[in-house]
Amino acid sequence: MEDQLGALGLVLNAIVLWTTKYIDAAVAQLQAEGHELREEDIARLSPLKHRNLNLLGRYSFTASTPAAGALRPLRDPDASELDEDDGDEA
């Protein structure tokens, strides 16, 4: 049980780091496109508010591999297809 808890902590930390990288990429892209972003709004962003963090320890991963050292492309918010995590967040 202790080993499972340690492994969950490691996985959770890795997912928080990965989510933080994508949040940073999204903010950078919005700024590059000329959107006005207030510093106080950016300061309130948190990777812990996303559904991809599952504190019960049950994760599933799809096998998609971006180029070495690169992030997958950010989703187009105007696209008609939304994944299962989208749609009901406020």
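Predicted model: local features only at pLDDT ≥ 70, side-chain atom pairs only at ≥ 80, totals over all residues.
**A walk through the chain**

Residues are numbered from 1 along each chain as its sequence is written, and side-chain values use heavy atoms, leaving out hydrogens and water.

The secondary structure consists of 2 helices and 0 strands; these are DSSP runs numbered from the N terminus, with helices (H or I) of at least four residues and strands (E) of at least two. Of the 90 residues in the chain, 9% are buried, where buried means under 20% relative accessible area, exposed over 50%, and partly exposed in between (1.4 Å probe, protein chains only).

Now look along helix H1 (residues 2–32), where tryptophan 18 and tyrosine 22 are 4 residues apart and so separated by about one helical turn. The structure holds 1 aromatic pair. The ring centres of tryptophan 18 and tyrosine 22 are 5.5 Å apart with planes at 65 degrees, so the pair is edge-to-face (centres within 6.5 Å, using the six-membered ring of Trp; planes under 30 degrees apart are stacked, over 60 edge-to-face, the rest tilted). Tryptophan 18 is partly exposed at 38% relative accessible area, while tyrosine 22 is buried at 15%.

Aspartate 24 also lies in helix H1, and is exposed at 56%.
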